[in-house]
Amino acid sequence: MKRLLKYAAGLLGALLLLLGGPLLLAASSSLEVAESWRTASRESAGIAPRPEQVEEAIVQVYGARAWSWRGYFAVHTWIATKEQGADYYQVHEVTGWRTYVVNSRPGDPDRHWYGARPELYADIRGEKAAALIPQIYQEVENYPYPTQYEAWPGPNSNTFVAWVIRETPDFDVALPSHAIGKDYLGDRLIAPSPGGAGYQLSLGGYFGVLAGVREGLEVNILGLSLGINPMALGIKLPGLGELALLDTNPMHEQPAR
């Protein structure tokens, strides 16, 4: 009987660890959820520079809380590019309501994701961005699941962004731990981590482990990740993402005012 209670207590503790963050977000109502996707904001958040005012090439990675209750668990991520001298951005993402799920089109790079304000994860500019953009275009075309979408465990929008980052040399960006689907590797068991200088092992996106310089250490259980990031002085919790003091991703330095 004691052993049974011990196992039950351990199982309850594991469930609380995995679901504590999403439950906390749901209970606190800290996420603004629009009543309808038709009326939810898709306006620019004013984070990206106006393309007609910036000559240099730009590559940015964004994410925002997923639509509806899914936002308690995960974020939706996308990539934006602006070629040198161009007066518009290209937005590259996967959306699950289309037959061909990959979507690359001109648009605002920092639009709200159906009411959820975007967060800038990486900002690369100048010569490095100019060198990355043709390779990013190529990997968008090479994405191996252009007609497949599964919200959990993948392939989904985060699988797409992780694929493009991973397959593009020198495009080293760590995606947040609550980008569910980023760890989906298809038939592969082992792959380089998106942040570079690291590797991950994944069993179909359901279970896995990732260790990298930018990401730190992550353990994936049923798509939910937890871990630590020594370089960022942070911890990773399911639903809440990474709570860190530092940012390990490449970010453009804003000029002093």
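Let's start in the core. The largest nonpolar core has 29 residues, and V59, V61, F160, V164 and F171 touch the most other members. Which elements give two or more residues to this core? They are β1, β2, β5, α2 and α3. Of these, α3 gives the most, with six residues. There is also a second, separate core of 13 residues, and Y62, Y114, A116 and L120 are among them. Nonpolar side chains tend to be buried together in soluble globular proteins.

One reminder before I go on. This is a predicted model.

Take V61, from the largest core. Leave aside its neighbours within four places in sequence. V61 is then in contact with W78, I79, E119, L120, Y121, A122, V161, F171, V173 and L175.

Now the overall picture. The protein has three helices and twelve strands. It has 257 residues, and 49% of them are buried. Look at contacts with a separation of 6 or more: 54% of them join residues 24 or more positions apart. The accessible surface is about 13300 Å². Carbon and sulfur atoms hold 58% of that surface.

Next, helix α2, residues 127–142. Which residues of α2 are buried? A129, L132, I133, I136, E139 and V140.

β3 pairs with β2 in the antiparallel sense, over three bridges. There, V91 is the bridge partner of A80. β3 is also joined to β4, again antiparallel, by five bridges. On that side, H92 has S104 as its bridge partner.

β9 covers residues 216–221 and β10 covers 224–229. They pair in the antiparallel sense over five bridges. L217 stands opposite I228 in β10. The hairpin has two residues between its strands, and L222 in the turn has a positive phi of about 55°.

β10 also pairs with β11, residues 234–237, in the antiparallel sense over three bridges. Here I228 has I235 as its bridge partner. This hairpin has four residues between the strands, and L233 takes a positive phi near 55°.

Last stop, F207, in strand β8, residues 207–212. Is F207 buried, exposed or partly exposed? Its relative accessibility is 40%, between the 20% and 50% cut-offs, so F207 counts as partly exposed. F207 and L222 are 15 residues apart along the chain, yet their C-alpha atoms are separated by 5.7 Å. Beyond its neighbours within four places in sequence, F207 is in contact with L201, S202, N220, I221 and L222. And L222 is the turn residue with the positive phi from the hairpin of β9 and β10.

Conventions: Residues are numbered from 1 along each chain as its sequence is written. This is a predicted model: local features need pLDDT of at least 70, side-chain atom pairs count only at pLDDT 80 or more; totals for chains, interfaces and linings use all residues. Side-chain values use heavy atoms; hydrogens and water are left out. The expected span of a helix is 1.5 Å times one less than its number of residues. Buried means under 20% relative accessible area, exposed over 50%, partly exposed in between (1.4 Å probe, protein chains only). Contact means heavy atoms within 4.5 Å. Accessible areas come from the Shrake-Rupley method with a 1.4 Å probe; for residues, only the protein chains shown count as cover. Two strands pair if DSSP finds at least two bridges between them. A nonpolar core is a set of buried Ala, Val, Leu, Ile, Met, Phe, Trp, Tyr and Cys residues joined through side-chain atoms within 4.5 Å.
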